[in-house]
Amino acid sequence: APEKPVDYSSHKLIKIFPKNVKQLVDLRRFGSDFKMDYWNAPMPDMRPVLTLVPGEKIGAEFLVALNKSRIGFEVTADNFQKMLNAERDENSRNLRRFRSFFDYQSTYHSYDEIIAELQRVSTNNSKVVYNSMGKSYEGRQIPFLTITNTDVKEPKKTIVFECGIHAREWVRVSTATCLWMANTLITDSINEELLKKFEFIVIPSLNPDGYVYSHTVNRMWRKTRSPQRGGQRGADPNRNFDSHFGQAGTQLDPSGEAYPGVKPFSEVETKALANLVLSKRGQIAAYFAIHSFSQLWMYPYGYTSVPPPNYAQLERLSTRAVDAIRATSGLVFNKGTIARTIYKASGSSIDWAYDSAGCKVVFALELRDKGQYGFILPPSQIRSAATETWAGIKAVLGEL
Ligand SMILES: [Zn+2]
């Protein structure tokens with residue numbers, strides 16, 4: 001029998017407002033003490049932190065702890081399921097409205113719709129090749145597009161867009177933004193020069209099992225779907241790369257959202273990506289790992305707060321990118337190394353790409369917003385989110 005969808009009616013979505021360093025420290029500790037799955041990291045700029053609070057005892061105890069530390073919070077949604085239903089309804093309306101074509105601007109699509117569209121755009125178009133880098137744990141193809149001007153025969157540098165490693169960020173703009181950028185590369189003649197200079201590898205959904213599961217069973221699913229000890233499912237693919245595996249920022253308990261798996265590349269999805277990237281070794285001019293949310297433009301390292309050797313270059317490129325974003329939409333993105341900007345995280349794709357695959361220009365982006373909607377960004381914002389991201393990326397490409 002198909003698994004019953006998880007119901008979030010008894011979950012509240014709350015927004016927490018840390019005001020000083022002590023509250024920030026308390027908030028981080030409560031996160032692990034009460035096993036709260038914060039949607040965004042408590043950061044020194046004191047931005048609000050979103051989290052779901054379960055209806056059970058542990059949720060009530062968490063709220064008591066916040067009160068004891070005098071940390072303010074407000075309830076964004078008393079019944080989180082209603083918020084999910086509203087998101088789903090808006091998306092279904094758009095799906096019906098744009099039934100005759102694949103809407104890139106304002107609709108989140110299912111895995112099957114995405115595969116069909118990728119195959120369609122690659123048919124009879126010499127600029128686009130559809131491919132699979134391998135199969136997911138549950139046997140789904142892990143798709144990618146290669147987009148370039150094949151009339152230019154000189155060897156080109158490669159640009160990689162890695163999206164959808166975390167399932168619940170589907171939009172959450174990661175997958176939707178990747179698709180939008182692929183579409184603009186293919187259809188907008190303004191990008192012709194880019195296609196003469198570069199080969200783009202666009203990976204819209206690196207974690208298809210998680211993507212499907214987050215659509216059909218548990219909207220908040222983040223990890224892969226492979227079996228783990230204790231009857232648990234999935235590893236965090238962005239902790240599963242062979243780079244300081246299992247160190248800072250991982251959880252040993254397989255029920256944890258940052259559980260790295262039993263060993264590096266235990267997940268077939270990360271292994272497939274690594275093989276693809278290694279096949280382009282020495283050729284990759286820039287690598288973008290696209291996540292949501294928090295409005296951050298980050299670079300290595302995640303595993304340590306020691307800056308990488310070409311720190312100055314990455315900082316300069318990041319400045320170009322965040323300036324371009326601000327000029328496009330007015331939104332402010334913070335920049336810096338992962339470890340210094342959010343938290344230490346080992347085994348991430350960009351640390352691995354940087355240290356083991358020879359890519360020296362690598363970024364991890366957290367797209368909009370800063371916590372108004374968080375993971376439940378309305379589909380009507382896809383276009384704006386993708387437009388500003390593309391502006392930031394083009395600013396970097398212009399410097400390469
Ligand atoms: Zn992510």
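Reader: Which domains is the chain divided into?
Author: Domain 1 covers 12-78 and domain 2 covers 103-397. Keep in mind that this is a predicted model.

Reader: How many Å separate their centres?
Author: The centres of domain 1 and domain 2 are 28 Å apart, taken over C-alpha atoms. In the contact, domain 1 supplies 12 residues and domain 2 supplies 19 residues.

Reader: Where does His11 lie?
Author: His11 is in the segment before strand S1 (12-17).

Reader: Buried or exposed, that His11?
Author: Buried. The relative accessible area of His11 is 16%, and buried means under 20%.

Reader: What is His11 in contact with, leaving aside neighbours within four places in sequence?
Author: Leu52, Val53, Pro54, Ala77, Asp78, Asn79 and Phe80.

Reader: Switching to aromatics. How many aromatic pairs?
Author: The count is 23 aromatic pairs. Take Phe34 and Phe62 as one of them: the ring centres are 5.9 Å apart and the planes sit at 65°.

Reader: Why is that pair edge-to-face?
Author: The planes of Phe34 and Phe62 are at 65°, and angles over 60 count as edge-to-face.

Reader: Which parts does the pair tie together?
Author: Phe34 is in the loop between helix H1 (21-33) and strand S2 (49-53), while Phe62 is in helix H2 (residues 57-68). So the pair ties together parts 28 residues apart in sequence.

Reader: What about Trp297 and Phe363?
Author: Their ring centres are 5.7 Å apart with planes at 55°, so this pair is tilted. It links distant parts of the chain, with Trp297 in strand S9 and Phe363 in strand S11, 66 residues apart. Both residues are buried.

Reader: Which residues do ring pairs link into a cluster?
Author: Phe161, Phe198, Phe200, Phe288, Trp297, Phe363 and Trp390.

Reader: Let's stay with S9. Which of its residues are buried?
Author: Strand S9 (residues 296-299) is covered on both faces. Leu296 and Met298 are buried on one side, Trp297 and Tyr299 on the other.

Reader: How many bridges join S9 to S10, and do they run parallel or antiparallel?
Author: Four bridges, and S9 and strand S10 (residues 334-337) run parallel. Tyr299 has Thr337 as its bridge partner in S10.

Reader: And what joins S9 to S11?
Author: Three bridges, with S9 and strand S11 (residues 362-367) running antiparallel. There, Met298 has Ala364 as its bridge partner.

Reader: What unit do S9, H9 and S10 make?
Author: A right-handed β-α-β unit, with H9 spanning residues 311-329.

Reader: New topic: charges over rings. Which ring does Arg225 sit over?
Author: The ring of Trp221. The charged end of Arg225 is 4.8 Å from the ring centre.

Reader: And Lys360? Which ring is that over?
Author: Tyr354. The charged end of Lys360 sits 3.9 Å from the centre of that ring.

Reader: Last one, helix H7. How many of its residues are buried?
Author: Seven of the nine residues in H7 (residues 208-216) are buried, so the helix is mostly covered. They are Pro208, Asp209, Gly210, Tyr211, Val212, Tyr213 and Ser214.

Reader: What do those buried residues pack against?
Author: Helix H4 (111-122), strand S5 (141-147), helix H5 (174-187) and helix H8 (268-279).

Notes: Residues numbered from 1 in each chain as written. Predicted model: local features only at pLDDT ≥ 70, side-chain atom pairs only at ≥ 80, totals over all residues. Heavy atoms only, no water. Buried < 20%, exposed > 50% of the residue type's maximum accessible area, 1.4 Å probe, protein only. Helix = DSSP H or I, 4+ residues; strand = E, 2+ residues; numbered from the N terminus. Pairing = 2+ DSSP bridges. Right-handed = clockwise from strand over helix to strand, strands pointing away. Phe/Tyr/Trp six-rings, centres within 6.5 Å; stacked < 30°, edge-to-face > 60°. Lys NZ or Arg CZ within 6 Å of the ring centre and 35° of its normal. Domains from an automatic or database assignment. Contact = heavy atoms within 4.5 Å.
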